[in-house]
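Have the model open as you read.

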Amino acid sequence: MRVGLNATCFNDRPSGARQRFVGLYGELIRRLPEVEFVIFEPSDCPVASWFNSAANVTARRTPIPSTGRARKAIEGGRYWRRALANERLDIFEGFNLPFVKSPSGRTMQTIHDVRRLSPDWALPERTAYKFFFKRALAQVDHLITVSETMKAEILSFYPDVEISVVYNGLAENAFDSVSVSDLIATQKKFALPSKFILAVGHLEPRKNYLGLIDAIAWLRDAGEVIPLVIVGNESGLRKVIEESIQKKRLSDSVKILSNLGDRELYSLYKLCDLFVFPSFYEGFGIPIVEAMGAGCPMILSDIPVFRELTQDKCTYFSPHDSSSIALAIQRVLQPGSQAPQIVKYGHERVKQFGFNILGSQMEKLYRSMA
């Protein structure tokens, strides 16, 4: 069997999608040694090298860049028809839109979320995404998504699509390599306070960092100075966030850290006193799984996917109300709180997100598609 993976959307920039691809498909490749995996790389990143120990992986460098929608569309229009006709694949899976259908075998598509259908997005982009998304759902042989919440959302939009759920995951024992010296080095490098709360995610509106900063200001005005560390790469909102920090006189209490490696990020999870995830919208929420793996107490936005991932066993707040966020922070940080129960629950729950378990699900799905 020959399987093609359209990996032209990936590059070295950290993201949940990249983490899923490396962990989950690395496990799938290991489980199917008899299958040849053809990885179609972008022009600017040797994606197949992420699996360089696998003898059943073949690379195809394409002219398609990993970023820039216009260039991707132009180069993809020139490339895919001829390339796929020559490959004669049994299965072809894509991970981004526009959708590409293989002329042979079956075509699959992974969708992480449909946030671009939200009114928060500009009408031209929302209209274009809706067109490409509906076209993809009409042509795909099988769709994969990352949560039952997302499955329900997609089916409400297009009820006839064949769809499976495979969660995002975390490498087993991912945090075991974080040493005491790593913790000391990270604390010193970033001049971290002895106690702080942590938020992780790209600097974009849906992550609701402005609401979280308002909550930190609310706590300060109530007499509680609680430092906050935000870890996230720029996605258009950094300047606005920095202006909010300055306006609310929180420059001494709030840090923004970007372009961290896994070792530094995992050290921050280990060092923090509380993990906060204030998003308005997510298709999944990999930082929740990471926080579980690190043994962090956490508080989360009261949105369906977060309740799904934590099985209603966490502390939740309204992301639209900064006082709700602040009160949840107070509640979990105080002595005698639910924090130990949250940590104990997370320790057990995170096992269900291991790539060994998720890889087994993917193996069954791929064998059923052959």
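This is a predicted model: local features need pLDDT of at least 70, side-chain atom pairs count only at pLDDT 80 or more; totals for chains, interfaces and linings use all residues.

Let's start with Arg249, which counts as exposed because its relative accessible area is 63%. You'll find Arg249 in the loop that runs between α7 and β10 (254-257). For context, most residues other than glycine have a negative phi.

Arg88 is another case: its phi is positive, about 50°, and Arg88 is not a glycine either. The loop in question lies between α2 (69-87) and β4. Is Arg88 buried or exposed? With a relative accessible area of 64%, Arg88 is exposed.

## A cis bond and a buried glutamine

Follow the chain on to the loop between β4 (91-94) and β5, and you reach Pro98. The peptide bond leading from Leu97 into Pro98 is cis, with omega near 5°. As a general point, most peptide bonds are trans.

Strand β5 (residues 106-111) holds Gln109. At 2% relative accessibility, Gln109 falls under the 20% cut-off, so Gln109 counts as buried. What does Gln109 touch, once residues up to four places away in sequence are set aside? The list takes in Glu93, Gly94, Phe95, Asn96, Leu97 and Phe99, along with Val140, His142, Leu143 and Ile144.

## Two helix pairs

Two packed helices are described by the angle between their axes and the distance between the axes. Take α6 (residues 209-221) and α7 (residues 238-247): they pack at an angle of about 10°, and their axes are 10 Å apart. Since angles under 35 degrees count as roughly parallel, that makes α6 roughly parallel to α7. On the α6 side the contact uses Tyr209, Leu210 and Ile213, which meet Val240, Ile241, Ser244 and Ile245 of α7. By type, the residues of this contact split into 6 nonpolar, 1 polar and no charged.

Now for α5 (residues 180-189) and α8 (residues 262-271), whose axes come within 9 Å and cross at roughly 95°. Helix α5 brings Asp182, Leu183, Thr186, Gln187 and Lys189 to the contact, while α8 brings Arg263, Glu264, Ser267, Leu268, Lys270 and Leu271. Here the residues divide into 3 nonpolar, 3 polar and 5 charged.

## Links across the sequence

Phe280 is worth a click. It belongs to the loop between β11 (274-277) and α9 (286-294), and at 34% relative accessible area Phe280 is partly exposed. Which residues is Phe280 in contact with, leaving aside its neighbours within four places in sequence? They are Pro205, Arg206, Asn208, Ile303, Pro319 and His320. For Phe280 and Pro319, 39 residues apart in sequence, the C-alpha to C-alpha distance is 6.1 Å.

Over in helix α13 (residues 355-369) is Lys364, which is exposed at 61% relative accessible area. Lys364 and Leu28 are 336 residues apart along the chain, but their C-alpha atoms are separated by 9.9 Å.

## The whole chain

Zooming out, the chain has 13 helices and 13 strands. Its C-alpha trace spans about 65 × 45 × 35 Å along the principal axes. How does the radius of gyration fit? A compact globule of 370 residues would come out near 21 Å, and the chain has 21 Å, so the two agree.

Buried residues account for 53% of the 370 in the chain. The chain exposes about 16700 Å², with carbon and sulfur atoms supplying 51% of that. As for contacts between residues at least 6 apart in sequence, 66% of them join residues at least 24 apart.

Note on methods
Residues are numbered from 1 along each chain as its sequence is written. Side-chain values use heavy atoms; hydrogens and water are left out. Axes are lines fitted to C-alpha atoms, for helices over the stretch in contact, and angles run from 0 to 180 degrees between N-to-C directions. Helices (H or I, at least four residues) and strands (E, at least two) are DSSP runs, numbered from the N terminus. Angles under 35 degrees count as roughly parallel, over 145 as roughly antiparallel, 65 to 115 as roughly perpendicular and the rest as oblique. Contact means heavy atoms within 4.5 Å. Ala, Val, Leu, Ile, Met, Phe, Trp, Tyr, Cys and Pro count as nonpolar, Asp, Glu, Lys and Arg as charged, and the others, Gly among them, as polar. The radius of gyration is taken over C-alpha atoms; the globule rule is 2.2 Å times the number of residues to the power 0.38. Buried means under 20% relative accessible area, exposed over 50%, partly exposed in between (1.4 Å probe, protein chains only). Accessible areas come from the Shrake-Rupley method with a 1.4 Å probe; for residues, only the protein chains shown count as cover.
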